[in-house]
Each structure stands twice: as structure tokens, then as C-alpha cells.
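Let's take a walk through this model, going from charged pairs to rings and then to a helix. Keep the viewer open as you read.

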Amino acid sequence: MADGDGRLAGLVQGLYQPQGGPRIDFRRPAGEPALAAPDSVSWRVFKNPISLFVGGVTAVILELAEPRVRTGVWEHSSFRRDPLPRLKRTGLAAMVTVYGARSVAEKMIAGVRRMHDKVTGDTPAGAAYRANDVALLDWVQATASFGFMEAYHAFARPLSEADRDRFYAEAAPAAALYGAVGAPASVAQWKAQLAAMLPKLERHEIVFEFLELMRKTAILPAPLGGLQGALVRAAVAITPPDVRAVVGLGRDWDLGPIEGRLVRWAGAAADRVSVKGTPAVEACLRMGLPGDYLYRR
């Protein structure tokens, strides 16, 4: 059984741990709080690798629909030529932001901001952009919060309206460190931000290129690889309808009924299985809680 647990831990860790990248010890420093508390909605949501994959794809669809964000991501990262390491680095950053000790998270976020200081340029239409522009940071933070929460709500476990508001509000300390000081703190604020941003969003072939990369790149471990296409369509399914219409994600991207049941089954199963060595479990142990604390709810 221990060997099986180790293989499962390796599979889950492989979703976010870049080869040759930094190894974060989520058990240290012992007792040091994270930016969000163990009883937060965030700790519940981010433990689920299925909904994180789905929500992450949704967030990127929304981000790539914004021309300045799209140009910055596509021209200043390795995403297009080597997506897997880039995805794993992003996944690790999310894990550190939510589960890492505060001192570790603050150091990592400061490094991300320094790196983003170098990302500047102009879109093909001539609009200037900076990665650390507050308006763009607010949009990226908002889309991430929406994607992860909506995926968990749809495919893992439903969240109450109060919990959905809490999830947005809990992101504020980390968002401020990243520079996103105007990120939404509630569902109502997200809806207002989306409505204000909608006229600025546009269709672009890069969105479809991204989705093809997510479909074809071997991201998930072998037991889940056959589900990857369904997870990508699940991400499209929870993308706001107005955004789908703008970017041209029509009915051929719909999630079929059988696929939907499979995704919900996988999401619900992932929400019940405590895997040793993963950030959620290690962070609980750091705080003196049982490893399966988040899986008892």
C-alpha cells in the first residue's frame, strides 16, 4: 500500500513540480501560517488537481482574450514552444501562494514581480503594455480566482454563495503582494469587472492554439491522460457565455453529457483522496493538523 501511495504522490506532484526547478518544503518553517488559513475556502479548493487543471485553462482563455495580456504571455514566455515546464512553474507558484509559509510565499512573489518588471512591449495593434500594470494584474488575478473557484464548484463540490464570496476575499493578501490591488473581493465585484472588460476582449487564433496545446500536450499522468480532452472542454463549458461568444468558442467545444459525468466523477474523487507529500497535506502537517484535515469535510 505504501508503494501505491508513493506512486500516487509522484503522479500528483508531477502535475506542478518542474524538473530541475526549486523544491519547496511545504512543512517548513514549522508552525508558520500561509497567506490563507487552513480553514479557508482556498485551502479546500486548491487541493483538487482536477478542478485546478480545468480552472487554470478557463483562466487562460479569459486572459488570452485581452490583447495586452495575450501579447505579453505569448511573446515573453516559453508557453508556445515548451508548455509543460511553464505550466508546472505556474502550478507550483499557485501552490506556494496558497499553502506555502508566508515568508516563502512573499519571497517567491517578490521574485515574480521582479521578473515581470522586464516584460514590456506593444501589441500588434500598437497598444503599450507592462506585465506589472495594475489593471492587467487585476484582470489576471480575477480570471484565476474565477476559473479555479468555478471549476471546483462545477466539477468537485458545490460552494455556497457565502463561500464563493469568501474565496474571492481570501485572495486579497496574495493579490496585493503581486500588485493586483483592485482584484475583485466578491462575486458581485467579479461580475462588474467582467462587464467592464468585455468590450476590450477579442477573438484571436492564439486562444485556439492554446487549447490545442492543452489537448495534445501530455500534461496529465497516464491514468488520467484519456480524460484530458474532456477537461479542456470542461474549461470551455464554465467560461462565461459572453466571452465564449466573443472569442468564437462555439458548440463544437461543448462538453458532452458522458464527458461531463466523467469529469465530475474525477473531480469528486480527487476531493476525497488525501495524497501524502502534496502541498495541501504537507501544509496541514506544518500547521500541526492531521494530513487528511482538508479531506474530512
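**Charges, rings and a helix**

Start with Asp254 and Arg251, whose side chains meet in a salt bridge at 3.8 Å, N to O; the term takes a side-chain nitrogen of Lys or Arg within 4 Å of a carboxyl oxygen of Asp or Glu. Arg251 counts as exposed, at 75% relative accessibility, while Asp254 is partly exposed at 32%. Here buried means under 20% relative accessible area, exposed over 50%, and partly exposed in between (1.4 Å probe, protein chains only).

A word on the ground rules: this is a predicted model, where local features need pLDDT of at least 70 and side-chain atom pairs count only at pLDDT 80 or more, while totals for chains, interfaces and linings use all residues. Residues are numbered from 1 along each chain as its sequence is written, and side-chain values use heavy atoms, with hydrogens and water left out.

Asp254 also meets Arg244 in a salt bridge, at 2.9 Å, N to O. Arg244 lies in helix 14 (residues 241-247) and Asp254 in the loop between helix 14 and helix 15 (257-270), so this pair ties together parts ten residues apart in sequence. Helices are DSSP runs (H or I, at least four residues), numbered from the N terminus. Arg244 counts as buried, at 13% relative accessibility.

Another salt bridge joins the side chains of Glu150 and Arg164, at 3.2 Å, N to O. It links Glu150 in helix 7 (residues 134-155) with Arg164 in helix 8, 14 residues apart. Glu150 is buried at 16%, and Arg164 counts as buried at 10%. The structure holds 17 salt bridges.

Now for the rings. Rings of Phe, Tyr and Trp (its six-membered ring) pair if their centres lie within 6.5 Å; planes under 30 degrees apart count as stacked, over 60 as edge-to-face and the rest as tilted. That rule gives five aromatic pairs. With centres 6.0 Å apart and planes at 20 degrees, Phe46 and Phe167 are stacked. Phe46 sits in the loop between helix 2 and helix 3, and Phe167 in helix 8 (residues 161-170), so the pair bridges 121 residues of sequence. Both are buried, and ring pairs link Phe46, Phe148 and Phe167 into a cluster.

Finally, look at helix 5 (residues 83-99). Its 17 residues should span 24 Å, and the end C-alpha atoms are 24 Å apart, which agrees; the expected span is 1.5 Å times one less than the number of residues.

Note on methods. Helices (H or I, at least four residues) and strands (E, at least two) are DSSP runs, numbered from the N terminus.
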